[in-house]
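Reader: I would like a close look at one part of this model. Please keep it brisk.

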Amino acid sequence: MDIRRRYTRKVINQTFFSLLKKRDIDKVTVSEICKECNINRSTFYRNYHDIYDIVDQFFQEITTEILKSFSSDDLSMDQKFTLVFSKLYEHKDSFMLLKKKGLLKRLNSPIFNATNHAFGNNFSSSEWYFLFYGFSGLIKYWFDQDMNVSVSEMSKISMNLFSKFISSK
């Protein structure tokens, strides 16, 4: 993605989140974003399908960042948990706003893909689903706590539960 497009997407995102602080997502319009960003509607639609796509791509970008960090084969499971919670925490304000607006459920699909990558093919389908729903449940718990539990504590909880699961296999 070229520099201009990255800049345009950044401005659209900032404007979207700024508007979302003031009202619900169904009251935020593409026209309003375009006006605030001083861009044409065609520029908006070159980057996003609709308003909800901004949220979906925000989640996807964070997930992609996490997966890129996982590319190192020498990361322990504990390091992977820490990395996930750290990356999510970097965007705490955005996540808390999306929670307040009821938009966190859109995060399930990117987490599903990231969990698959993190745990690999070492588990049966039923075990993998158990891991996914357990880990996504921990993330939901953390969001419900307004992300006030520390990254290290959440990583420790995740690793303890994962270790218990592995030892019972």
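How much space lies in the largest pocket?

Author: This is a predicted model. In it, the largest pocket holds about 350 Å³ of space.

Start with the helices around that space. Both α1 (3–22) and α4 (51–69) supply at least two residues of the lining. The largest share comes from α4, with 6 residues.

Now the residues themselves. The lining includes Lys 10, Asn 13, Gln 14 and Phe 17. Phe 58, Glu 61, Ile 62, Thr 64, Glu 65 and Lys 68 also line the pocket. His 91 and Ser 94 complete the list. By class, 3 of the lining residues are nonpolar, 5 are polar and 4 are charged.

What does Thr 63 touch? Beyond its neighbours within four places in sequence, Thr 63 is in contact with Pro 110 and Ala 114.

Ser 94 leads on to another helix. This lining residue is one of the buried residues of α6 (residues 92–100). Lys 92, Phe 95, Met 96, Leu 97 and Leu 98 are buried in α6 too. The buried residues of α6 pack against α1 and α4, and both of those helices supply residues to the pocket lining. They also pack against α5 (77–90) and α8 (125–144). Just after α6 comes Gly 102, with a positive phi of about 75 degrees.

Methods. Residues are numbered from 1 along each chain as its sequence is written. This is a predicted model: local features need pLDDT of at least 70, side-chain atom pairs count only at pLDDT 80 or more; totals for chains, interfaces and linings use all residues. Side-chain values use heavy atoms; hydrogens and water are left out. On a 1 Å grid over the protein atoms alone, a cavity is a set of points where a 1.4 Å probe fits but cannot get out, and a pocket is an open set with protein on both sides within 12 Å along at least five of seven lines; lining residues have an atom within 4 Å of a point. Grid points are joined across faces, edges and corners, and a volume is the space filled by probe spheres set on the points. Helices (H or I, at least four residues) and strands (E, at least two) are DSSP runs, numbered from the N terminus. Ala, Val, Leu, Ile, Met, Phe, Trp, Tyr, Cys and Pro count as nonpolar, Asp, Glu, Lys and Arg as charged, and the others, Gly among them, as polar. Contact means heavy atoms within 4.5 Å. Buried means under 20% relative accessible area, exposed over 50%, partly exposed in between (1.4 Å probe, protein chains only).
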